[in-house]
Every structure is written in C-alpha cells, then in structure tokens.
Amino acid sequence: MKNAREFFSYVLPSLAAFALSGVYAVVDGFFVGNSIGDAGLAAINFAFPVTALLQAAGTGIGMGGAIRFAICGAQGDAEGERHYFSSALLLLLLCGALLSLIFFVLAGPLLEALGAEGATLTLGMEYLIFIAAGALFQVFGTGLIPLIRNMGGSLCAMFAMSAGFIANIILDWLFIMVFGWGMAGAAAATVIGQAVTALGAVLYFAAKRSPLSLPPARRILHLFSAILKISFAPFGITFSPMIGMILMNRFAVFYGGEGAVACYACVGYIVTIVYLLLQGIGDGCQPMISRY
C-alpha cells in the first residue's frame, strides 16, 4: 500500500501536468486560426517541429541529469548530486544558446525544408524568429521539471507547468485578439509561458537551497557524457512523433495546399495530447525507478 501511495503521489501530478501541456499545444493554433485563418494555422504546424525540438532537447538533458542525480542520492553520494545537478544546468544553458543561434540563422531554410511556402513561409518565419529568441526559456522550461520531480517536488512541478500554461492562454488572447500582434504575439506568449515555468522551477530550487556548485574542470566532460548518454532516449521519445507530423505536412501541402495542412494541424493537436498523457505516466515513474 505504501508503494502504491508513493507511485500515485509521483504519477498523478505528472499526468495532470502533461495533460495541461497537451492543451498548451492547442492554444496558439486556436487563437491564430481564429485571428489569421488557415495560413496562420498551417504556418504554426510547419514551425511546431522546431518548437518541439527545443522542448525535446530540454526534456532529454533534464531527464539525463535528473536520473544521475537520483541515483547518486540513493547511493548517499552528496558530491555526485551537486555535480550532476550543476552539470545539467550548464548543459541546458549551452544547448539553449546553441539552438537559439542555429534557428536564428536557419529559420527560413528550415521552414522551406519542412514544406512551408508563400504566405505560410512568411508567417512561419515571423513565428519562428520569436521562438528562436526565447529558445533558452523553452529549453529551461522543460529541462528543469524532471530535476524538480527527482527532488521530491512532483506537485511543485505540476504547479510550475500549470502556471506557464495559464500565462500562455492569457497572453495569447491579449497579444493576438486584443493587440493584434498575430504570429509574433503567439510566439511571444509561448516563450513567456515557458519563462514562467522556468521561473517557478528556479524559485523551487532557491526554496530548497539546491546543491549548486560547479564541478572541477577535469570532471566536467565525464559528467556531460554521463548525462548525454541517458538523454538521447528521452529526447528521441519526445521528438519522434514530430517525424510523422513533418511527413504529413509535406504530403498535405503537396496534395491539398495550406487548407489541408490547417486541417491536419487540428488532428495533430489531439494526437499530441494522447502522446503527452503517456509521457506523463513514464516521467512520473522515473524518480522512483532511478532511486530504487
């Protein structure tokens, strides 16, 4: 019975948080579709795999660091806990900065490669440039959540994700429907929502007085390697549904134009929610699996 209570105390908040983040994915499309129309909705669907890549990178690194952190904690290795926690934060910082630079430089070619053209390319560029500017917040917003869970803060992780989700809804309505900022407003709302989640995580770490200390230079590459070896699996699992979306977008625009892509976007949102619910169960189990 004790094990069952512990299991559900981790899994249920994680499931609720990922259910909310599934609706998160729908919000930009809802407001843009009602404000700009099919071209805007299609543009977001073309740009969505790039946003998903940022979140998958954050999830992968955060999960890799969190797993190593939990294992060290179960072994009573306080120094290892501090080093893996700090190394995960440093990796998230480096990854966010690198991806931001890449997407700034390659936003146009990336969208063209994903199938965007004409009005959808122009609108997608407007959206993606703002997403690239806030890439660091996207990576941290998803990467810090696994670390919170592994410190025993499942409910705090849920509240941090929920706060970002609520901020995104309010700001989408304000920026798109009231101020008329269109695609730029949708992207800004998404970035600020993730920033709110990251801020919630930082406040949790500050309250817990989390063990932040840079490891010795001679160990940093070993620590990075240990985290990245684990991170590839959660990164791949998180991003793999986007491969189907990329292919479907290309076929849809070829055979039916932007209207077909907009229709597929609505279907894709529903599928994304299902994937995220499953991920919520898996991520909620992880702290216990790592500990034991």
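Which residue takes a positive phi just after α6? Gly 180 does, with a phi of about 70°.

## Basis of the model

This is a predicted model, in which local features need pLDDT of at least 70 and side-chain atom pairs count only at pLDDT 80 or more, while totals for chains, interfaces and linings use all residues. Residues are numbered from 1 along each chain as its sequence is written, and side-chain values use heavy atoms, with hydrogens and water left out.

Helices are DSSP runs of H or I with at least four residues, numbered from the N terminus. The expected span of a helix is 1.5 Å times one less than its number of residues. Helix α6 covers residues 154–178, and its 25 residues reach 35 Å from first C-alpha to last, close to the expected 36 Å.

Gly 115 follows α3 and has a positive phi, near 110°.

## Nonpolar surface patch

Leu 98, Leu 101, Ile 102, Phe 104, Val 105 and Leu 106 form a nonpolar surface patch with about 550 Å² of accessible area together. Patch residues have over 30% relative accessible area and no salt bridge, and nonpolar side chains (Val, Leu, Ile, Met, Phe, Trp, Tyr) are joined within 5 Å, like charges within 9 Å. Areas come from the Shrake-Rupley method with a 1.4 Å probe, and for residues only the protein chains shown count as cover.

Buried means under 20% relative accessible area, exposed over 50%, and partly exposed in between.

## Salt bridge

The count is one salt bridge, defined as a side-chain nitrogen of Lys or Arg within 4 Å of a carboxyl oxygen of Asp or Glu. Glu 6 and Arg 291 form this pair, at 2.5 Å from N to O. Glu 6 is in helix α1 (residues 2–35) and Arg 291 in helix α8 (residues 217–291), so the contact ties together parts 285 residues apart in sequence. Glu 6 is buried at 18%, whereas Arg 291 is partly exposed at 30%.

## Cysteines

The structure holds zero disulfides, a disulfide being a pair of cysteine sulfur atoms within 2.5 Å. For Cys 156, the nearest cysteine sulfur is that of Cys 285, 19 Å away. Cys 156 is partly exposed, with a relative accessible area of 35%, while Cys 72 is buried at 3%.

Terms used: Buried < 20%, exposed > 50% of the residue type's maximum accessible area, 1.4 Å probe, protein only. Helix = DSSP H or I, 4+ residues; strand = E, 2+ residues; numbered from the N terminus.
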